[in-house]
Amino acid sequence: MTELICIGCPRGCHLHVDEENDYKVTGNSCNIGAEYGRNELINPTRTLTTTIRLSGGNHHSLPVRSAHPIPKKLLFEAMEVLNHREVKAPVKCGDVVYADILNTGIDIVATRDLD
Ligand code: SF4
């Protein structure tokens, strides 16, 4: 049995996930907690937020994030890939700056406009 605190909302329900009973979740107040508890043990994911180098503009770095959460185990590898990436200004919020990071099918997108 693994204990977790749900991050789905400020209520912070204390979850119990039973690995020996098909990852059954108890302690949750809604289905978000059940899904979170199960996924956290089977395939935890996180939204990647970082910056990448920007050229041709007034700023030298561009804030970006993954369009969807990526597997937690790939976060550092994805950061390493993005450390070697440079984009040229201008960039619009939502522009894809790196497609299909690490073959996950998930794009990295700009989170602000930079001229
Ligand atoms: S289980 Fe539902 S109510 Fe409880 S913290 Fe998670 S999202 Fe909020």
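1. In this predicted model, alanine 78 is in contact with Leu48, Ile70, Ile101 and Leu102, once its neighbours within four places in sequence are left aside.

2. Alanine 78 also belongs to the largest nonpolar core, which has 13 residues. Leu62, Val64, Ile70, Ala78 and Ile101 are the members that touch the most others. Two or more residues of this core come from each of strand S5 (49-55), strand S6 (61-66), helix H2 (75-83) and strand S10 (108-110).

3. There is a second, separate core of seven residues. Among them are Cys6, Val25, Ala34 and Tyr36.

4. Three strands, in the order S1-S2-S3, form an open sheet with antiparallel pairing. Strand S1 (2-5) and strand S3 (24-26) are at the edges; each has a single partner strand, so one side of each lacks a neighbour in the sheet. From one strand to the next, the twist averages 30 degrees.

5. The antiparallel pairing of S1 with strand S2 (residues 14-18) runs over four bridges. Within this pair, threonine 2 lies opposite valine 17 in S2. Helix H1 (residues 31-42) packs on the sheet and touches S1, S2 and S3. The direction of H1 makes about 55 degrees with that of S2.

6. Which residues surround the ligand? They are Cys6, Gly8, Cys9, Arg11, Gly12, Cys13, Asn28, Ser29, Cys30, Ile32 and Gly33. By class, this shell has five nonpolar, five polar and one charged residues. Cys6, listed around the ligand, is also a member of the second core.

Methods
Residues numbered from 1 in each chain as written. Predicted model: local features only at pLDDT ≥ 70, side-chain atom pairs only at ≥ 80, totals over all residues. Pairing = 2+ DSSP bridges. Axes fitted to C-alpha atoms, helices over the stretch in contact; angles between N-to-C directions. Contact = placed C-beta atoms within 7 Å. Near = placed C-beta within 6 Å. Nonpolar A, V, L, I, M, F, W, Y, C, P; charged D, E, K, R; others polar. Core = buried A, V, L, I, M, F, W, Y, C linked by C-beta atoms within 7 Å. Buried ≥ 20, exposed ≤ 12 C-beta atoms within 10 Å, placed from the backbone.
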